[in-house]
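Open the model in your viewer and keep the selection tool ready.

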Amino acid sequence: MGRIWIRGGRLLDPASGCDEVGDLLVEDGRIVAVGAGLEAGDGDVIDAKGRWVAPGFVDLHVHLREPGEEYKEDIASGGRAGVAGGFTALVCMANTHPINDDPSVTEYILDRARQESPARVYPVAAATRGLAGEVMTEMVALFEAGVVAFSDDGKTIMDSNVMRRVLEYSGLVRVPIITHAEDRTLVCDGVVNEGAVSTRLGLPGNPAVAEVVHVARDLLLAELSGAHLHVAHVSTAGAVALIRAARERGVHVTAEVTPHHLTLLDEAALGYDTNTKMAPPLRGSSDVEACRAGIADGTIDAIATDHAPHAVHEKDVEFTAAPPGVIGLETAVPVTLDLVRQEQLSPLEWVRRLSTNPTRIIGRPGGSLAVGAAADLVLIDPDRHWIYDPAKGYSKSRNSPWAGREMIGRATVTIVGGRLVYDVDRGVLVP
Amino acid sequence: MTGRDLLAIEDLDRSELERILETSLRMEEVGRRDVKKVPTLRGRTLINLFFEPSTRTRTSFEIAGKRLSADVVNFSPSSSSLTKAEGILDTAMTLDAMDPDAVVVRHKVAGVPKRIADALDAPVINAGDGAHEHPTQALLDLFTVWQEKGRIDGLTVTIIGDILHSRVARSNLYAFSKLGAEVRLAAPPTMLPPAVESLGVKAYTSLREALEGADVVMLLRIQQERLAGCFFPSIREYATAFGLDRRKLRFAKDDAIVMHPGPINRGVEIAHDLADQRPSVILDQVRNGVAVRMAVLYLCAGRTPRGGVRREGS
């Protein structure tokens, strides 16, 4: 593996609060020296002038589709898309085929990841068998097989007693229960945010209150059980306010928000483009502002993409029939840098929400530039202009609302475990 | 109209609406002749692509096309080989390959005519998409009111019923507001679309207030099987509170007319004796539908033969 000298970059380490120009030396997979003016020796040199050097990003919410839907994505293509977007680790959801509700599936995913993925892969297991919301999975066995959290993501555990028991039982393994918080009875057949946009489109509305009601229930159950609740893809002002209040009274809650919910409005759906259909839906401006305020003040801990690949033929149908979700691994950096440009996040706090906080939530190492830490690193060029073309990306799918858009900012180098896995000029390099 | 498509009244401006009304007037005259046929669209092919069953609208388009001498083909996927195996865009592109000069599309999901229009060379006319729009219905309603009242500007139009699920209400609220009428919507709170007043109309839950001073009262069909029990408790309660009869109609202006896009539910949204005679103009609406659709077909498909000018970006 040898040595890599990263010279003259702006070192951003939220774990220590460091934000200064300097050098960083990687040797045998670990960071061995950090500081200004390190004496260069043998090894590869990466000139990081004008770049930010940060601990690798960790995406808490990715659908890798393997096993079972490899035509949309697989662990190899998703891993490549991840490192090309600056992510050194991906937390993958359980709604595969078969569902990851059994240790054999967890082991399969981890085995494939070791062979095929340039990014680290941390599986999430289903919280209930078959994602049916009825019987909890064998959490201890799944935990020992390597899962980092439990979630019925994509579906919602509607039975409050099942959710209560899942949260309580998770005390045995002390990992987060991730909730996809949408009350299905209130969502009904809604496909776009309920409001002026659903009225104009004539499409069934999915009201903000469907999320808020469900977040309220889950926060109360988390409080009762003392378990760690992680709220996926927060999209409403009401949910942000409830999470803020719950944390103030000591509930163990963390939360994430997606790049699309931070930057796109429900109005994006006005042309009936199914690449603007997600669950929860894109919201109105007051909700988007509340999410931005929530990520800025730390109420929302993490930015996570909810990378959800779907094939063109699946999306190219009636709006109501199209599956929800968009890909996001390769666009998260430029899209969320908007918050830095708008001065809602400092570069350091932006890195904290993409790296340090997600690693803390799943209890894995990373998120730091400390000497001795694993060398999972990303270099960011915050000013690089480029046009995003999903057909030229690493994901197998193309369902992005940003297709054809001009982007500002890009991951230019990604290093996982001391190995250079991505360089913007050469592409993904391994495996 | 946007390009040569007619997808939504929301997309049209005042002058385009007026042009369609004036063209409809000329087409209406054709319908009163002994030989109800002109050669305007001779040699042109019109496809009625109806993914959702409809007898009235499809027949109206068919007669309109035939009065203009177009060759009219009806294609109803439910009665053809189309199943879930072939997507809407594949079906539409297959038909497009047969070089039609216009495609009339109806689908139960909002936005499908727009997606088809984006994919096709031929002009696309929306004949109703989900709860989005039904532009030719609004145009024939405009034409009917214009004929009755001699103007649109300054009129008060009250639309009553299931606004939430109604494409007719959406198209009409745009059509009448754009031509200067005041549009009021009246329904139980469960059937008023969220934020509907952002579209420049007033929403009422009191039928009496909505009717006061109205020149035009427009009723919408209640889809009983879909709605009862969730959006309102029972047909009986709806009929009592929002069904129109002569007694409630007295709140409107003395010369108010009553309209309905059909098919009507007698005794639900409209009293039996009100449906069949003045001030009801329901059958005039149907009659005018043919003239208005002739005008739309002429304006969409009559200008350049297919292959003459291809739309940009398609």
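This is a predicted model: local features need pLDDT of at least 70, side-chain atom pairs count only at pLDDT 80 or more; totals for chains, interfaces and linings use all residues.

Residues are numbered from 1 along each chain as its sequence is written, chains are lettered from A in the order in which they are written, and side-chain values use heavy atoms, without hydrogens and water.

**Select chain A.** Chain A has 13 helices and 19 strands (DSSP runs: H or I of at least four residues, E of at least two). Its C-alpha atoms fill a box of roughly 65 × 45 × 45 Å along the principal axes. Of its 431 residues, 62% are buried (under 20% relative accessible area; exposed is over 50%, partly exposed in between; 1.4 Å probe, protein chains only).

**Select A:D74 and A:K396.** They form a salt bridge, closest N and O atoms 2.9 Å apart (a side-chain nitrogen of Lys or Arg within 4 Å of a carboxyl oxygen of Asp or Glu). The partners sit 322 residues apart in the chain. A:D74 is buried at 14%; A:K396 is partly exposed at 40%.

**Select A:R200 and B:E10.** Here the closest N and O atoms of the salt bridge are 2.6 Å apart. A:R200 lies in helix α6 of chain A and B:E10 in the segment before α1 of chain B, so the pair joins two chains.

**Select B:R167 and B:E52.** This salt bridge spans 3.0 Å, N to O. Both residues are buried.

**Finish at A:E66, A:R112 and A:E116.** Salt bridges with shared partners join them into one network.
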